[in-house]
Amino acid sequence: MSHLDRYTCEEMLRRLDDYVDRELSPEEMERARRHLETCAACAAEFGFQARMLAELRAKLRRIDVPGDLLARIAERLRAVGPLEEGAPG
Ligand SMILES: [Zn+2]
């Protein structure tokens, strides 16, 4: 296996975001995976990023607004009527 079969730490870190989002090509994913298997520093960084992403997605799910609430807000806005175009000047 030559050194071309996996990334250096610099190459790995540059692609880490895309690796977490699985936006790399299959070949790049494989190279990144091989690097993470052998590099504790990058594996730790990957673990940190993956955890952040998981937390972010969990938060986004929690603040998901119920459909009926959005409908009520839209109804309320219609009742108030069109907004005045009160631009100064
Ligand atoms: Zn590394």
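Helices (H or I, at least four residues) and strands (E, at least two) are DSSP runs, numbered from the N terminus, and Thr38 has its place in one such run, helix α2. The structure shown is a predicted model, in which local features need pLDDT of at least 70 and side-chain atom pairs count only at pLDDT 80 or more, while totals for chains, interfaces and linings use all residues. Residues are numbered from 1 along each chain as its sequence is written.

**View 1. The protein as a whole, with its four helices.** The secondary structure comes to four helices and zero strands, and the elements follow one another from the N terminus as α-α-α-α. Of the 89 residues of the protein, 10% count as buried, a term that applies when 20 or more other C-beta atoms lie within 10 Å of a residue's own, whereas a residue with 12 or fewer is exposed and one in between is partly exposed, the C-beta atoms being placed from the backbone. Two residues are in contact if their C-beta atoms, placed in that way, lie within 7 Å; of the contacts with a separation of 6 or more, 63% are between residues 24 or more positions apart.

**View 2. The largest nonpolar core.** A nonpolar core is a set of buried Ala, Val, Leu, Ile, Met, Phe, Trp, Tyr and Cys residues joined through C-beta atoms within 7 Å. The largest one here has seven residues, namely Tyr7, Met12, Tyr19, Ala32, Leu36, Cys42 and Phe46, and α1 (9-20), α2 (26-38) and α3 each supply at least two residues of this core. Leaving aside neighbours within four places in sequence, Tyr19 is in contact with Leu24, Met29, Ala32 and Phe46. In soluble globular proteins, nonpolar side chains tend to be buried together.

**View 3. The packing of α1 against α2.** These two helices pack at an angle of about 115°, with their axes 11 Å apart, where axes are lines fitted to C-alpha atoms, for helices over the stretch in contact, and angles run from 0 to 180 degrees between N-to-C directions. On the α1 side Met12, Arg15 and Tyr19 meet Glu28, Met29, Ala32 and His35 of α2. By class, this contact has four nonpolar, one polar and two charged residues, with Ala, Val, Leu, Ile, Met, Phe, Trp, Tyr, Cys and Pro counted as nonpolar, Asp, Glu, Lys and Arg as charged, and the others, Gly among them, as polar. Glu28 counts as partly exposed, with 15 C-beta neighbours inside 10 Å.

**View 4. Arg22 in the loop between α1 and α2.** Although Arg22 is not a glycine, it has a positive phi of about 55°. Most residues other than glycine have a negative phi. Arg22 is exposed, because 7 other C-beta atoms lie within 10 Å.

**View 5. Helices α3 and α4.** Helix α3 (residues 40-62) has 23 residues and reaches 33 Å from its first C-alpha to its last, close to the 33 Å expected, the expected span being 1.5 Å times one less than the number of residues. Of these 23 residues the number buried is two, so α3 lies largely in the open. Helix α4 (residues 67-80) has 14 residues that should span 20 Å, and its end C-alpha atoms are 20 Å apart, which agrees. The number of buried residues in α4 is zero, so this helix also lies largely in the open.
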